[in-house]
Amino acid sequence: MENKEERIARRHQERDAQMKATPGYVTFNIMFILAYPFIAVFTFVMSSLLAVFSGVSRAAAWVVSGGRSR
């Protein structure tokens, strides 16, 4: 006889198995795997642009403050 924790764990495993068998789950996994390189490149480009514009902003603040800005 299984105890409550084992019964809950079994139900969770069964629910997860049913979910992973759906066409939507499989489609999402395939699309995510294919799109991941584009997501990574986009994140890198946006982070780089943010760093560049942040540097420009800090430099402008330093110049406007007469060199007293940190």
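Which side chain meets Glu-2 in a salt bridge? The side chain of Arg-10 does, at 2.8 Å from N to O; a salt bridge here is a side-chain nitrogen of Lys or Arg within 4 Å of a carboxyl oxygen of Asp or Glu. This is a predicted model, in which local features need pLDDT of at least 70 and side-chain atom pairs count only at pLDDT 80 or more, while totals for chains, interfaces and linings use all residues. Residues are numbered from 1 along each chain as its sequence is written, and side-chain values use heavy atoms, with hydrogens and water left out.

**Helices**

- Helix H1 covers residues 4-20, and helix H2 covers residues 23-64; helices (H or I, at least four residues) and strands (E, at least two) are DSSP runs, numbered from the N terminus.
- The end C-alpha atoms of H2 are 58 Å apart, which agrees with the 62 Å that its 42 residues should span at 1.5 Å a residue. The expected span is 1.5 Å times one less than the number of residues in the helix.
- H2 has a kink of about 45° at Ala-35, shortly before the proline Pro-37. The bend at a residue is the angle between axes fitted to the seven residues ending there and the seven starting there.
- After H2 comes Gly-66, which has a positive phi, near 75°.

**Salt bridges**

- There are three salt bridges in the structure. Side chains of opposite charge can pair when their charged atoms come close.
- Arg-10 also forms a salt bridge with Glu-14, where the closest N and O atoms are 3.1 Å apart. Arg-10 and Glu-14 are four residues apart in H1, so about one helical turn separates them.
- A network of salt bridges links Glu-2, Arg-10 and Glu-14.
- Relative accessible area is 30% for Glu-2, 33% for Arg-10 and 41% for Glu-14. Glu-2 is therefore partly exposed, as is Arg-10, and Glu-14 is partly exposed too; buried means under 20%, exposed over 50%, and partly exposed in between (1.4 Å probe, protein chains only).
- Asp-16 and Arg-15 meet through their side chains in a salt bridge of 4.0 Å, N to O. Asp-16 is partly exposed at 32%, and Arg-15 is partly exposed at 48%.

**Aromatic rings**

- Two aromatic pairs are present. The ring centres of Phe-28 and Phe-32 are 6.1 Å apart and the planes lie at 20°, so this pair is stacked.
- Rings of Phe, Tyr and Trp (its six-membered ring) pair if their centres lie within 6.5 Å; planes under 30 degrees apart count as stacked, over 60 as edge-to-face and the rest as tilted.
- Phe-28 and Phe-32 are both in H2, four residues apart, about one turn of the helix. An α-helix has 3.6 residues a turn, so residues three or four places apart point the same way.
- Phe-28 is exposed, at 54% relative accessible area, whereas Phe-32 is partly exposed at 40%.
- Ring pairs join Phe-28, Phe-32 and Tyr-36 into a cluster.

**Nonpolar surface**

- Val-41, Phe-42, Phe-44, Val-45, Met-46, Leu-49 and Phe-53 make a nonpolar surface patch of about 740 Å².
- Patches are made of residues with over 30% relative accessible area and no salt bridge; like charges are joined within 9 Å, and nonpolar side chains (Val, Leu, Ile, Met, Phe, Trp, Tyr) within 5 Å. Accessible areas come from the Shrake-Rupley method with a 1.4 Å probe, and for residues only the protein chains shown count as cover.
- Phe-42, one of the patch residues, belongs to H2 and is exposed at 51%.

**Other residues and distances**

- Arg-7 sits in H1 and is partly exposed, with a relative accessible area of 29%.
- Arg-7 and Phe-44 are 37 residues apart along the chain, and their C-alpha atoms are separated by 45 Å.
- Leu-50 lies in H2 and is exposed, at 61%.
- From Leu-50 to Gly-67 there are 17 residues in sequence and 23 Å in space, C-alpha to C-alpha.
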